[in-house]
Amino acid sequence: MSTFNAKNPVHLSFGEAIEQTFNTWKKIALLMGGILILLGIVAAIIYGGIFAVIFGTTDLTNEILNMQSLDNQTPRMVLTLIFTIIAAAVFSPITAGLLQIAHNAESGEDYSFNTAFEHYKSVHVKDIILSAVIINLVSQGFSIVGELFALQTDAISTFIAGLLSLALTILTFMSIPFIIFGKLDAVESIKASLSVCGRKFFIILLLMLVIGLCIGLGILGLCIGIFFTMPLYYTLQYNVYRLAIGIDNVDELSQIGEDSN
C-alpha cells in the first residue's frame, strides 16, 4: 500500500528536473527509440488494417477525406472515440514499461527490450488500463462537446478543447507512475495526480514545453530522429514523479512472478 499523503509538501525544481531528465535519457535513448519505431510500425499496420476492413482498400482514401466533412461529424467522432479508447487500453501498459525502463536505468537494475512489455503481466495492468481509458474518455469528451456546441467558430471550439485536453494531460501526468511506483489503484492514482500536478501545474507546463521543443528537434534528423527524442517525454514523466514524490527502492516487477503463483 502506498504511503502517499496529499497533504505532504511537494518539492519540484525546474532545473533539477531538466538535468535529471536528460541524464536518464542518455542512458536509454537508443533502446526506447527502437521500441517506439517498432510500435509505430505495428500501430500503422493495425489501424490501416482496421480501416481497410471497414471501408475497403479501394475507397479508403476517399472515406478518410469524407470523414472530415461536416456531414459526417458524428461517425468521425464515434470512430475517433473508439480508436482512442482501444489505443489507450492496448498501449498504456507499454507506457508503464517505458517508465519502468527509466526507473531501472536510474536505480542500476537490469532492463532490456522486454522490460517495455513486462507490465502486461504485472499486478498493475488492470489499473494502468482503466486509468488510461478514463483519462482518454474525458479528453475525448472535451473534444466532442467542443465540436457539438461549435462555439462561434470551429477554430475557437477546437482551441478551447485543445486547452482543456492540455490541462488534463498536465493534471494526470503522474497517474501511471502513481500506479506502478506508488501502488495506487486507477481512481486513486488519478486523484493523487490531480492533487500533486495541480500544485505544480505551471512548472510541469513549462517542463513539457521545453521538452516538447527538444523532441521536435528530432524531425531534423530525417524525421526518424523524433523516435529517439520522444523518450525525453517518458524520462521527464519518470523524473518529475521521482523528484516530487520519491520512489521506494523496490523492484515492482519482482512481484509479478510471486503474485501469479
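The conversation below takes up the labels one by one.

Modeller: Happy to! This is a predicted model, in which local features need pLDDT of at least 70, side-chain atom pairs count only at pLDDT 80 or more, and totals for chains, interfaces and linings use all residues. Residues are numbered from 1 along each chain as its sequence is written, and side-chain values use heavy atoms, with hydrogens and water left out.

Biologist: What is the mean pLDDT of the chain?

Modeller: pLDDT is the predictor's confidence in each residue, from 0 to 100. The chain has a mean of 84, and 79% of its residues reach 70 or more. Over residues 250–261, pLDDT stays under 50, and the model has 18 contacts there beyond four places in sequence. Where pLDDT is low, the predicted coordinates should not be read in detail.

Biologist: How many helices and strands does the chain have?

Modeller: There are 11 helices and zero strands. Helices (H or I, at least four residues) and strands (E, at least two) are DSSP runs, numbered from the N terminus. In that order the elements read α-α-α-α-α-α-α-α-α-α-α. As for contact, meaning heavy atoms within 4.5 Å, residues 24 or more positions apart account for 76% of the contacts with a separation of 6 or more.

Biologist: Why does Cys-197 count as buried?

Modeller: Buried means under 20% relative accessible area, exposed over 50%, and partly exposed in between (1.4 Å probe, protein chains only). Cys-197 has 0% relative accessibility, so Cys-197 counts as buried. Cys-214 comes out at 22%, and therefore counts as partly exposed. Of the 261 residues of the chain, 39% count as buried.

Biologist: What makes Val-210 partly exposed?

Modeller: Val-210 is at 27% relative accessibility, so it counts as partly exposed. Val-210 sits in helix H8 (residues 201–216). Leaving aside neighbours within four places in sequence, Val-210 is in contact with Phe-14 and Ile-18. Val-210 and Ile-18 are 192 residues apart in sequence, yet 8.8 Å apart in space, C-alpha to C-alpha.

Biologist: And why is Phe-227 called partly exposed?

Modeller: Its relative accessibility is 29%, so Phe-227 counts as partly exposed. Phe-227 belongs to helix H9, and touches Gly-33, Leu-36 and Ile-37, not counting residues up to four places away in sequence.

Biologist: What is the phi of Lys-183 near?

Modeller: Phi of Lys-183 is near 60°, a positive value in a residue other than glycine. Lys-183 lies in the loop between H6 and helix H7 (186–199). With a relative accessible area of 29%, Lys-183 is therefore partly exposed.

Biologist: Now the largest pocket: what volume does it have?

Modeller: About 740 Å³. On a 1 Å grid over the protein atoms alone, a pocket is an open set of points where a 1.4 Å probe fits, with protein on both sides within 12 Å along at least five of seven lines; lining residues have an atom within 4 Å of a point. A volume is the space filled by probe spheres set on the points.

Biologist: Which residues lie nearest its centre?

Modeller: Of the 29 residues lining the largest pocket, Thr-95, Asn-136, Ile-176, Tyr-233 and Tyr-234 lie nearest its centre. Helices supplying at least two lining residues include H1 (14–55), H3 (73–107) and H10 (231–244).
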